[in-house]
Amino acid sequence: MTSAVRAPRPTIPNPFAGMDRRRRDLTIVAILLVVAIVYPVGYRSLEAALPFIPWPGTAVLITCATFAILALGLNIVMGFAGLLDLGYVAFYAIGAYTTAFLASSHFGIHISWWIVIWIAVAAAAVFGILLGAPTLKLRGDYLAIVTLGFGEIVRIVFRNLGDFTLALPAFLGGAILVGPNANLTGGNTGINPIDPPTIPIPGPWGNQIVFSNQNAIASWYLVLALLVITYVVCVRLRDSKLGRAWMAIREDETAAAAMGINTVTTKLLAFSLGASFSGFAGAFTGAYQTAIFAETFNFNVSILVVVIIILGGIGSLRGVVIGAFAAQYVNQTLLAFLGTRIFNQPLNDLGDATGIDLLSDFNLATYNYLIFGVVLAIMMIRRPEGLFPDEGAKAEMHGIGVAAEVTAGSAELLAAAEEAEAVALEAAAIEEATEIPDALPDVLPDVLVERGDVIDLADEEKPS
Amino acid sequence: MEELVRALTIGLTNGLIIALIAIGYTLVYGILELINFAHADVFMLGTAFTYFGTNFIVESLGIPASSIVALLVTFIGLPVVMLLTAGINAGIERVAYRPLRNAPRLAPLISAIGISFVLQNIGLVILGPSQLRVQDVLPTTRLVDLPSGAAWFGVDELVVVLVTLPLLLGLRWFVGSTRQGKAMRATAQDRDASGLMGIDVNRTISLTFLIAGALAGAAGLIVALYYRQTFFQYGFQFGLLSFTAAVLGGIGNLTGATLGALVLGLIAALSDRFLEAKWTTVIVFGILILVLVFRPTGLMAEKQSERA
């Protein structure tokens, strides 16, 4: 019977609380999706009705979603597996160029985009393995530099292969193998136009739906679908055996290896899966913009994606998506809005009056990367876990975050212990007052909370 | 043949400049195990200061470019630029890295990337988006000229050597033979232990950043005068080159960084001359990746095998 007495203790997690939370999350997601679907249709009237609010245009939302896909992909590498990749843009470029090669007049190949996107994903994944296989044994910052170098190599190669000559060296006869002036990648002029995805559904829009920048609303629905797919895959990956293996490696590679995780294969999978999502984003971007240029796939893109992840909360899927929308919204809408509406004119006037060119030409929107740089440094110092960290697993990657959490946990323990002591003292006082001194030892064990109970209490206080 | 001689001359001259920047990476890495991403942007600011300084002398003071200006800019300007960049570099350490001293390794690295972006965009604001021509102050008179005229060694190259070589040797002496240098080496070996031995670790780290910044500033001045250009992306371009040099030589190793820089300078010059300049970056990064994959300890590594 003693066990029956102990069983209904309130420390057992309430399954209904979990379900409620799940339902609540699903409701939020459903509302967000409805808003996302309705917004571009009502955007013009919203802007007309409330012009003082910087509403993002549909094109801005498309960039937001594209970067959300990129950030979710990099989050697998950085957030889950804890590997810093500073050349993530390379896979984005590879995805976009694969699309451009296979669906444009450049080589005269016109494969349907719905097939090309999977080839782009595969190409990015293969390059992820090609880069990862020799380099993943390197530690943190060396890996960062190698990936950075790879990102630059890919950009420069795509640019240079627009006009190149491959010849044997002079002492071997100097015969020209390829070229002269062969054009493989379009070079600086890029590849233009690229076939956009189409669905042959006739309607008021013509005899087919075209998902290009000529039709932003349809493209928004397409990229939204890609984002939802990416998100769901990421959630499933996170909760899978593989996801746990990644996090184990992130926490302690040696311990993970000792537990039987093949660290090389697991890290390689993180690299190639992460890369494949940027293939997704690349295939969309190429087709949506119907043109690509090597110079747009520069180091800034890699850094922006890193900023998004740091900002949103490294490892937190929700945070990364919010971070992407926030960063690109600030980048493309808010800064321009604040600049033109508030800051530019007075500063320009001041500059004209004082003769300082810097102020005369001031345009807030051009300071975006400066602002991101400051944000990056401040976030690292003040809030390394990001703005929307994963609850529970609060930035495990950051020792600071964990340390803070441990301290918070012990503070809770301490508080609970003090409380228990107070309760015990109170009980003792009551006992004394009622003058049954013999009862004291009997009362204490029931009132005093055991060590395990305190921890349960502490757990309960945290949102699970 | 003369073309090869000229390429080697350019390669060694560039190598000496790269060495000045590479040593900054290697010093900081040796002591903090941090790739100081912002380092090369401090160098870029050095080129910008030189640009504004020479403009001030030639345009505002109205002194026409001459050998007097060259001497003035090189030997008065040098300590000024070095002081400025040293201060900036130490300030960056104080603001962005010191609060993260005990954080995981990734945190200061990301902070450094952030600072690098800030500096690069400050460069963009003050220099504009395109390359700027720096006043032509260094004479290009040829000191040694091969008969065919395809290879030479000019006064400007002599100035590069005269500035970089004493700095490199002076740094060697400082780190190897002075009390402060000993403190730096001790801190690099074991920060906690040297703290217990009475070394002021924070001051030593600040000193390291001061020295690294000063060398970057000197490199900035030399690049601005020798290439006669400044550009807000110079930090990124030269930074990767010099970081590769530091890795090539075995990061944390001063002699290695110098050697790696000379090797890399030669490779880049040969690639510029005999391949195409637009492929040089690819070649440099290719070397970086190959070195890291096959010999992560670099050419001259002594103790860092477990770090790579």
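Helix H12 of chain A bends by about 55° at Gly339(A), the bend being the angle between axes fitted to the seven residues ending there and the seven starting there. The model is predicted, with local features requiring pLDDT of at least 70 and side-chain atom pairs pLDDT 80 or more, while totals for chains, interfaces and linings use all residues. Residues are numbered from 1 along each chain as its sequence is written, chains are lettered from A in the order in which they are written, and side-chain values use heavy atoms, without hydrogens and water.

Gly355(A), with a positive phi near 80°, follows H12(A); helices are DSSP runs (H or I, at least four residues), numbered from the N terminus.

Chains A and B bury about 3,900 Å² between them, 80% of it on carbon and sulfur atoms, where buried area is the accessible area (1.4 Å probe) lost on being put together, summed over both parts. In chain A, the residues losing the most area to chain B are Asp141(A), Tyr142(A) and Ile145(A), together 19% of what that side buries. The contact (heavy atoms within 4.5 Å) takes 42 residues from chain A and 43 from chain B. Across this interface, 0 salt bridges are found, by the criterion of a side-chain nitrogen of Lys or Arg within 4 Å of a carboxyl oxygen of Asp or Glu. H6(A) gives the most to the side of chain A that touches chain B, with 14 residues.

Key: Helices (H or I, at least four residues) and strands (E, at least two) are DSSP runs, numbered from the N terminus. Buried area is the accessible area (1.4 Å probe) that two parts lose on being put together, summed over both.
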